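Thanks for coming. I will take a few minutes to walk through one structure, and you can follow along on the screen.

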Amino acid sequence: MLTIKNIKKTFGNKVVLKGISLNVNKGDIIGIIGPSGCGKSTLLRCINGLETSDSGEIIFNEKNIIGSKHLLDVRKKIGMVFQQFNLFNHMTVLENITLAPVMNKLMKADEAKKEALRLLKEIDLEDIANSYPNQISGGQKQRVAIIRTLIMKPEIILFDEPTSALDPEMIGEVTNLMRKLADNGMTMIIVSHELNFIKNFCTKVVFIDDGKIVEEGDSKLIFDKPKDERLKSFLEKVNNK
Amino acid sequence: MKKFVLLIFSVFLLTGCGREKEKLVLVTEAGFAPYEYYSNGQIVGVDIDIAREIAKYLNRELVIKDVAFDSIISEVKTGKSDIGAAGISYTEEREREVNFTNSYAESKQVIIVRKDGYFYDINGLNKKKVAVQLGSVADDYITSNYPDIELVREKKFLAAIQDLKDSKVDAVVMDEVPATKLVTSEMVIMEEPVLTDSYGMVIAKDNPELLEAANFVINKLKANNEIDNYLLNHMGVNDVKGDNGLINRFYKSVIYDGRYKFILEGLKNTLLIALGAVIIGIVLGLLAAISNNVYLNTGKFKILNLLSKAYVTVIRGTPSTLQLMIIYYVIFKQTNINIVLVGIVAFGINSGAYVAEIIRSGFNSIDKGQWEAGYALGLSYKQVVGKIILPQSVHNILPALGNEFITLVKETSIGAYIGIVELTKASDIIASRTYDYFFPLILIAIIYLIITLLLSRLINLMEVRLNNANN
C-alpha cells in the first residue's frame, strides 16, 4: 500500500537521507531503529509530507504524494503520533479529538462527539473528556493523541518516538493501546529507542545509519542474528547502557 | 465591534457635513490674547473679529482652526486654510512663502525681567539666557541679530514667562500687548522696545482675490478705528477677581468660564482616537502579520509580505509625531477631512506596525508541534491558523496588546501638533487663559492615569478569563 523509492533529503548542506527505499504492506508493523540523527524521524516526516523530500517517490495507494496537490487528503489517511504528543493546549480532550473529522467534513459535530466518547470509553478515558491537556498525565496525553489520529480512520499510523517523553510507568499504557491497534490489523511504522518493544511488537525492522538502510528484515533476525557490523555495535551499545 | 465602527463614522458624518454656505477657514494659534484666545469654549480675539468682518464681506461662513504657530504658514500655503492670523509679523522669509495683508496692528517687542534680578537693554542680554516663543518675531529677530544671546525657545510664550518666574532665564522678549497682561507683580517690562513691528494676516500666493478683499476690509476697519475698539474689548476679559489661593486657582482653571468643557471635549477626542486607532491597528497588524506568515509557510503573498515588511520598518523607524504631520500635511493635504479622523487614521497606521510585531511574536511563541499536529490531521494552513494557532496566540499576546493600547492612549497627546483638541491640548488651552499650568496639567495627568489603570484592569480580567478557560 505504501512504497518508498530512493528518497533523498538535505537540510542546508547536511545530507540526512541518502536514498531510502521501503515497501509497506497492509498490516505490516515496521520498526525503524538507528542511532540519533541517522534520519529515522526525517524519513517518517517525509511520508506524510511534513518534510518534502528532494527526490524519489512515495507511492501511497498508487499515487506519488511528493509535490501532490492532494497532500491534505493523503494526510487524512496517514495518521501521525508525536513524541511530544502535540495536543492542542487550548482545547479539551474531546475537542482535540473531534476537531479534524469535523473540520475535514468527515463527520458532523454530534457524530464526532459520539465516536470520540466511544473511543475514549474503550480505553477507560471517558472521565477526562472535558479536561485540558495540562490537566492530564503524559500517558493519558499520548493515548488521547492516538485516538485523535484513530478517529480519522487512517490506513497507516506513523509513530515518532511515541514513548520517549513518558515516565517509565506510563509507557505500558501507551504500548498496550498500540498492541490493541495491531490486533485490529492497523498498519504502523514506528520510530523508537525502545528496542525491546520493537523486537516483540514489530513484524519487520529496518536499521538506518547515516541516511541509509543498512539492514532490514524479520524483527527476531535483526535482533538475534545481526549481520552488519554497524548494527552489531549499535545493538551492543544500547544493551550495555 | 461593528456597532462601534458605525458609531465612530456617524460622529464624523455629524461633525464633518453641512455645506449651506461656503467656508472661510481661519487658522490661528489660540494662545495669544488679546489677538486670539479661548473664552467660554470659543476662540475669540482681535484677529477673529477682523476675520469675521472679512467673512461677512465675502458672505462666507468663518471656520476657525487652532494649530501650532509654526504650522500656520504651511496650513495656508497648502490650502488647508484660507487665511492665517496669529499676530504674525512681516518677515522676508515669510513673505517668500505667502502674501501678507496690510498691517492691522502695531506691536512692540519688549524685554521683561524680574524685579529682583538685573535690568537689561537688548545689548546687555549678550551671553544671557532669554526665553522667547518659538517662531515668534522675537525669536527671528534675536536669532539673526544677536547671535550671542542664549535663546530658550518655548512652544508658548506662557512657558517663557514661567521660565522667568522660575529663574530659569534672565529675561523674556515678547510682544508688548500680551506682555502687559502677563507680567506678575514680581516682573517688570523694560521701557525701551527691542523692535517695533506690525502684524498682518497671511494668505496663499495663489489667492489674490481673497487678499484684495481682506485688505479692503482691514482698511475700512482701520479708518473707522474699529480695530482699536476690538483691542479694548478684549483687554481684561479674562481677569477673574480673587486671591491666588489653591481653591481660587482650581476654580479659575476648571470651573470659571466653563473651562471643564475643554477637558470633556479633550477626553472625548482622546478616547475616540485611541479606540478608533486600536481597531485600525489590529486590522492592519493582523493583515501584516498574517501575510508574513502565509508567505513564510506557503510562499504565497510575496508582494503583500514585502509591503507589510516595509510598512512595519518605516513606521517603527520614524517618530510618531513626524508620521502624524506627514499624514496631515502631505497625504491629506488638500482634503478638508475631519481632524479627529486624521488622528484615528494616523495613530491606527502607527499602532498597526507594532501590533504586527506583537502578533508575529505571538505566532512564534506557539510550539512548532502545534502546527505539525494540525497538518498531520489533514487540516489546511487556514484551518491550522484559525483554529489552532491564532486562538493560542491571542492568549500569549494579550498582555503586549494591552500595553500597546495603553501606550496608544498616552500617545494621542501628540495630536495637539496638528490641532486636535485632545486632553493635552485641552489643558494647554486652559493654561493659555489662566496663565497657570498647575491644575490643568495635574488634572489631565490624573485622567490619563485613571484611563490607563482601568484599561490594565480590563486586560487583567480578560487574561484571567482566558486562563480559566484554559485550565
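Predicted model: local features only at pLDDT ≥ 70, side-chain atom pairs only at ≥ 80, totals over all residues.

Residues are numbered from 1 along each chain as its sequence is written, and chains are lettered from A and ligands numbered from 1 in the order in which they are written.

First, the overall count for chain A. There are 9 helices and 10 strands in chain A. Helices here are DSSP runs of H or I with at least four residues, strands are runs of E with at least two, and both are numbered from the N terminus. Chain A has 241 residues, and 42% of them count as buried. A residue is buried if 20 or more other C-beta atoms lie within 10 Å of its own, exposed if 12 or fewer, and partly exposed in between, with C-beta atoms placed from the backbone. Of the contacts in chain A with a separation of 6 or more, 64% are between residues 24 or more positions apart. Two residues are in contact if their C-beta atoms, again placed from the backbone, lie within 7 Å.

Now to the sheets. One open sheet in chain A has 4 strands in the order 2-1-4-5, with antiparallel pairing. Two strands pair if DSSP finds at least two bridges between them. Strand 2 (14–24) and strand 5 (63–64) of chain A are the edge strands, and each pairs on one side only. Helix 1 of chain A, residues 40–47, packs on this sheet and touches strand 1, strand 2 and strand 4 of chain A. The direction of helix 1 makes about 60° with that of strand 2 of chain A. For such angles, axes are lines fitted to C-alpha atoms, for helices over the stretch in contact, and the angles run from 0 to 180 degrees between N-to-C directions.

Within that sheet, strand 1 (residues 2–11) and strand 4 (residues 55–60) of chain A run antiparallel and are joined by 5 bridges. A:Lys8 stands opposite A:Ser55 in strand 4 of chain A. Strand 1 of chain A also holds A:Asn6, which has a positive phi of about 50° although it is not a glycine. A:Asn6 is partly exposed, because 13 other C-beta atoms lie within 10 Å.

The next sheet is an open one of 6 strands in chain A, in the order 6-7-8-3-9-10, with mixed pairing. Strand 6 (78–81) and strand 10 (212–218) of chain A have a single partner strand each, so one side of each is left without a neighbour in the sheet. Neighbouring strands of this sheet are turned by 15° against each other on average, direction ignored. Strand 9 (residues 204–209) of chain A pairs with strand 10 of chain A in the antiparallel sense over 6 bridges. In that region, A:Asp209 stands opposite A:Lys212 in strand 10 of chain A. Helix 5 of chain A lies across strand 6 and strand 7 (156–160) of chain A, running at about 170° to strand 6.

On to the interface. How many residues of chain A are in contact with chain B? The number is 19, and they meet 17 residues of chain B. Helix 2 (71–77) and helix 3 (93–103) of chain A are the elements that give two or more residues to this side of chain A. The residues on that side divide into 10 nonpolar, 7 polar and 2 charged. Here Ala, Val, Leu, Ile, Met, Phe, Trp, Tyr, Cys and Pro count as nonpolar, Asp, Glu, Lys and Arg as charged, and the others, Gly among them, as polar.

Helix 3 of chain A has buried residues including A:Val93, A:Ile97 and A:Leu99. The buried residues of helix 3 pack against helix 4 (109–122) and helix 5 (138–150) of chain A, together with helix 16 (381–411) of chain B. Just after helix 3, A:Lys105 takes a positive phi of about 60°.

Last, chain B. Chain B has 18 helices and 12 strands, and 42% of its 471 residues count as buried.
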